[in-house]
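I opened this notebook to record what I looked up in the structure.

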Amino acid sequence: MVVPGRSTGAEQHIPVVPADVDGTRHLVSTRGESEWVRNLRSAGTAELRRKGTTERFRAVEVPVDERGPIIDRYRATAGRTVTTYFKRLPDAADHPTFRLEPL
């Protein structure tokens with residue numbers, strides 16, 4: 001994902017694993033309130049770049065009570081590499097989650 005920094009506006013490149021739930025892509029922060037989360041909230045939009053394609057999207061934060069199925073799908077998609085993060089931060093409220101709406 002590429003998102004502009006809050007202060008500098010410089011592109012921040014963050015490796016992410018989108019999770020598809022009911023035909024909609026989502027991003028989940030494994031590390032909680034990270035810099036990319038704050039940058040994404042501030043910008044409201046970002047890009048997904050992969051294999052030579054760029055997709056712009058608007059990011060809409062998902063309410064805590066709706067995050068469960070998204071986080072479950074994310075964990076299944078990302079695999080064991082994220083298990084430790086969810087052991088440290090087990091509550092869905094600790095994992096900002098965004099729905100990606102194409103622009």
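In which loop is the place of aspartate 22? I found aspartate 22 in the loop between β3 (19–21) and β4 (24–28). I note that the model is a predicted one.

Entry on backbone angles. I looked up phi of aspartate 22 and read a value near 55 degrees, which is positive in a residue other than glycine. I then checked its accessibility: aspartate 22 counts as exposed because its relative accessibility is 76%, and the cut-off for exposed is over 50%.

I looked up lysine 51 next. Phi of lysine 51 is near 50 degrees, again a positive value in a residue other than glycine. I located lysine 51 in the loop between β5 (45–50) and β6 (53–61). With 84% relative accessibility, lysine 51 therefore counts as exposed.

Entry on the cores. Which residues touch the most other members of the largest nonpolar core? I recorded Met1, Trp36, Leu40 and Phe57, out of 13 residues in that core. Two or more residues of this core come from each of α1 (35–43), β5, β6 and β7 (97–102). The most is given by α1, with three residues.

I then listed the contacts of leucine 40, leaving out residues up to four places away in sequence. Leucine 40 touches Met1, Val3, Thr45, Ala46, Phe57, Ala59 and Phe98. Apart from this core I noted another, of 10 residues, which includes Val28, Val62, Ala78 and Val82.

As general background, I wrote down that nonpolar side chains tend to be buried together in soluble globular proteins.

Note on methods. Residues numbered from 1 in each chain as written. Predicted model: local features only at pLDDT ≥ 70, side-chain atom pairs only at ≥ 80, totals over all residues. Heavy atoms only, no water. Helix = DSSP H or I, 4+ residues; strand = E, 2+ residues; numbered from the N terminus. Buried < 20%, exposed > 50% of the residue type's maximum accessible area, 1.4 Å probe, protein only. Core = buried A, V, L, I, M, F, W, Y, C linked by side-chain atoms within 4.5 Å. Contact = heavy atoms within 4.5 Å.
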